[in-house]
Amino acid sequence: MERIRRALAELNTECTDRMLEQFQVYMDGVLEWNEKLNLTAITDRDEFIEKHFVDSLMAVDSDEVRKAESVIDVGTGAGFPGIPLAIVFPEKKFVLMDSLNKRLKVIDDLCERAGIMNVVTAHGRAEELSRNKLHREKYDLCIARAVANMSTLSEYCLPFIGIGGYFLAYKGPDCEEELNEAKNAIKILGGKIEDVREAEISDFGLSHKIVYVKKIKETPAKYPRKAGTPSKDPLK
């Protein structure tokens, strides 16, 4: 767990002993539950720390993350990147959303075990939840590690974000063509690519490009389209 402290130090972020305890309890719980549910293919603990915890924290030193008060994690899976961020920022409110309720029950259980008090879960598909007035344009920040192209991800995520807020997408080093293809879709959905930043943590050999999309106007009411459409027919 000390590797997490070193990674956060490199990202200019404090890491307390209490945080490390919470990371430990959460990892132990995921691996325990993983024997009953397929939560992660990563069962080696060092690899788990690197690819689930540290990878989720790559943007913690950005102003956009630090200033946000309400955060939604769309397609959280076993709780990534939402749980690591919630541990590091206990003062922020996090909503972790997923379409599989079994995963969310695990997250609820493990948050209780670890004493993570600033997380609630929401069951549903992004296309449906973002039409709910409780969620539509209610968040300062959305972070997604989902494996989907930028056009599809933007249709999932931008409807959740209030004007002035941000959508952060973790991408690989060669994402320029994908971003160019998504620019018009992002514009239609009320966003604008404000920045693409390199994010590296030397101790782990982790490297990302993190795309910062600012919400500059309301998402038109017809978006997102019905469930399944954004992935089958991405906006152009």
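Student: How many charged residues are in the lining of the second largest pocket?
Tutor: This is a predicted model, where local features need pLDDT of at least 70, side-chain atom pairs count only at pLDDT 80 or more, and totals for chains, interfaces and linings use all residues. Residues are numbered from 1 along each chain as its sequence is written, and side-chain values use heavy atoms, without hydrogens and water. Sorting the lining by class (Ala, Val, Leu, Ile, Met, Phe, Trp, Tyr, Cys and Pro nonpolar; Asp, Glu, Lys and Arg charged; the others, Gly among them, polar) gives five nonpolar and three polar residues, and the charged ones number four.

Student: Which residues touch the most other members of the largest nonpolar core?
Tutor: Such a core joins buried (under 20% relative accessible area, 1.4 Å probe, protein chains only) Ala, Val, Leu, Ile, Met, Phe, Trp, Tyr and Cys residues through side-chain atoms within 4.5 Å. Here the core has 54 residues, and those touching the most other members are Ile4, Tyr26, Phe53, Ile83, Ile116 and Leu168.

Student: Which helix gives the largest share of this core?
Tutor: Helices are DSSP runs (H or I, at least four residues) numbered from the N terminus. The largest share is seven residues, and they come from α2 (residues 17-33).

Student: What does Isoleucine 4 touch?
Tutor: Contact means heavy atoms within 4.5 Å. Leaving out residues up to four places away in sequence, the partners of Isoleucine 4 are Leu20, Phe23, Ile49, Phe53, Val54 and Leu57.

Methods:
Buried means under 20% relative accessible area, exposed over 50%, partly exposed in between (1.4 Å probe, protein chains only). Helices (H or I, at least four residues) and strands (E, at least two) are DSSP runs, numbered from the N terminus.
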